Amino acid sequence: MNEDILSFIWRFQYFETSNLQTDENLNLSVIRTGNKNGNAGPDFSEARVMIGQVQWVGSVEIHVRSSDWLLHMHEKNAAYESVVLHVVWENDKPVVRKDGTLLPTLSLKGRIKDAVLERYAQLQDENESIPCAGLFGQVSDILKYAMLDRVLLERLDKKAQQVTLIYEETRNDWEETAYLWLCQHFGFKLNDPAFSRLARILPWKILRKHRGQLSQIEALLFGCAGMLSDETDEPYVRLLRKEHQFLSAKYGLSESCMNGHEWKYSRLRPAGFPTVRLAQLAQFLNNEGSLFTELVYAGSFAELRGKFHLEQSAYWKSHYLFGKKSRSSVPSMGKDAAHLLIINAAVPLLVAYSKQKQQHELLDKAVYWLSEIEAENNRITREWNTLGIRVTNAADSQALLEWHNLYCTPRRCLECTVGAALVRPV
């Protein structure tokens, strides 16, 4: 027994309500269960109950045992003075208010159908990564796809909040925000921290002054990344070192440059090495026009995808590392990598902007972009496929990842429409 299931049962009144009385033998009628509180304070606010002949409006607090009130030291917290009903599994100790009156208590033990508690325990104890896998077919498709829509919006909102934090950090500069957010995702997870650190060392206001001069942008990026060692004496590398030496002195960047060991190469295919990704990032940043506009106001999905068809400079078409020529041509950025940048960089940026400007059509545009991308194929999406959920595009796969990570893994079944439907009494 825990407070989660008791709160769920109270919220939806999934207990025997006939001849309801408090433990003090006063007739009880629930007019309004109250609003679930996700912050500090009592569990439900603005509840309305009739106790005896008096109608009370206030808060409801949920505990497994009534003595938990004292264990949690609610008697010392003024916020709990608003509690008009204490709902517990078992009443092991009367609770007295500060004024000496007894706090009305409702014990639910013996009033809840065994099937509700058994089904909840089954979901919580299930070893499968999707706890309701064996029961999934019992729930209507309407509830399943309603949950799918909900978790997609939750995922987009969560990522948009991360963008908004950067926007506030940059003092409401969308151009710098787009730069910082995009650079971070050029790391493709493994090197995200390194790319993010590089972007903060090398501000967009410096790089944008050198657009049209690709060698200077590359010199700034590779130099600040700590990759321009003296071990290689090729003409291209000598040029970058010379450019970086001058520019880093001009902008005072020398002391803040990274060390080469901060970049990770293990478990990566050579085409995904950070050196190649930096060369591709340089190409993107070298383009004229507003960086933010390029990402948010693409006229079509095809136009947006075209912006990420990045072909690195000549040296990086034949090298994966400085001074080490590859046996075959190094490919340009592929479709899968481009799609990941759209999913993780362009879409959250657009959603954050739509929320800031309250332009809902931009949110629709972001969802449309996701619908134009093939679904991600991984262990989690394959699991959902076995349960009969259609995974047709990236909007679906992104939603299913959020569903799995945010609800299934932490066993938040009662907050999921499918889990709640399975626990609900028949």
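This is a predicted model: local features need pLDDT of at least 70, side-chain atom pairs count only at pLDDT 80 or more; totals for chains, interfaces and linings use all residues.
Me: Nice. Which residues should I click on to land closest to its centre?
Reply: Go for Phe188, Lys189, Asp336, Leu340 and Asn344, which are the closest to the centre of the largest pocket among the 44 residues that line it.

Me: Which elements give two or more residues to that lining?
Reply: They are helices: H4 (141–169), H5 (174–185), H6 (192–201), H10 (274–286), H13 (335–357) and H16 (394–408).

Me: Which of them has the largest share?
Reply: That's H13, with seven residues in the lining of the largest pocket.

Me: OK, next one down. What's the volume of the second largest pocket?
Reply: The second largest pocket comes to about 450 Å³. Its lining holds 19 residues, and Phe8, Arg11, Lys36, Leu414 and Glu415 are the closest to its centre.

Me: Which helices supply at least two residues there?
Reply: Helix H1 (3–12), helix H3 (114–125) and helix H17 (417–423) each do. H1 gives the most, with five residues.

Me: How many of the lining residues are charged in that second pocket?
Reply: Eight are charged, alongside eight nonpolar and three polar.

Me: Switching to cavities. How many are there of 30 Å³ or more?
Reply: The count is two.

Me: What lines the largest cavity?
Reply: You'll find Trp69, His74, Glu75, Tyr80, Glu81, Val83, Val96, Arg97, Lys98 and Leu103 around it. By class that makes five nonpolar, one polar and four charged residues.

Me: And the second largest cavity, what is its lining like by class?
Reply: There the lining has nine nonpolar residues, one polar and no charged ones. The residues are Leu123, Pro131, Cys132, Trp403, Tyr407, Cys408, Cys413, Cys416, Val418 and Gly419.

Me: Which helix gives the most to it?
Reply: H16 does, with three residues. H16 and H17 each supply at least two residues of that lining.

Me: Let's look at strands. How many bridges join S3 to S4, and do they run parallel or antiparallel?
Reply: Strand S3 (residues 44–51) and strand S4 (residues 54–65) run antiparallel, with six bridges joining them. As an example to look up, phenylalanine 44 has valine 60 in S4 as its bridge partner.

Me: What sits between those two strands?
Reply: Two residues, as S3 and S4 form a hairpin. Glycine 52 is in the turn, and its phi is positive, about 65°.

Me: What about S4 and S5, parallel or antiparallel?
Reply: Parallel this time, and S4 is joined to strand S5 (residues 83–90) by six bridges.

Me: Which residue in S5 stands opposite glutamate 61?
Reply: That would be histidine 86.

Terms used. Residues are numbered from 1 along each chain as its sequence is written. Side-chain values use heavy atoms; hydrogens and water are left out. On a 1 Å grid over the protein atoms alone, a cavity is a set of points where a 1.4 Å probe fits but cannot get out, and a pocket is an open set with protein on both sides within 12 Å along at least five of seven lines; lining residues have an atom within 4 Å of a point. Helices (H or I, at least four residues) and strands (E, at least two) are DSSP runs, numbered from the N terminus. Grid points are joined across faces, edges and corners, and a volume is the space filled by probe spheres set on the points. Ala, Val, Leu, Ile, Met, Phe, Trp, Tyr, Cys and Pro count as nonpolar, Asp, Glu, Lys and Arg as charged, and the others, Gly among them, as polar. Two strands pair if DSSP finds at least two bridges between them.
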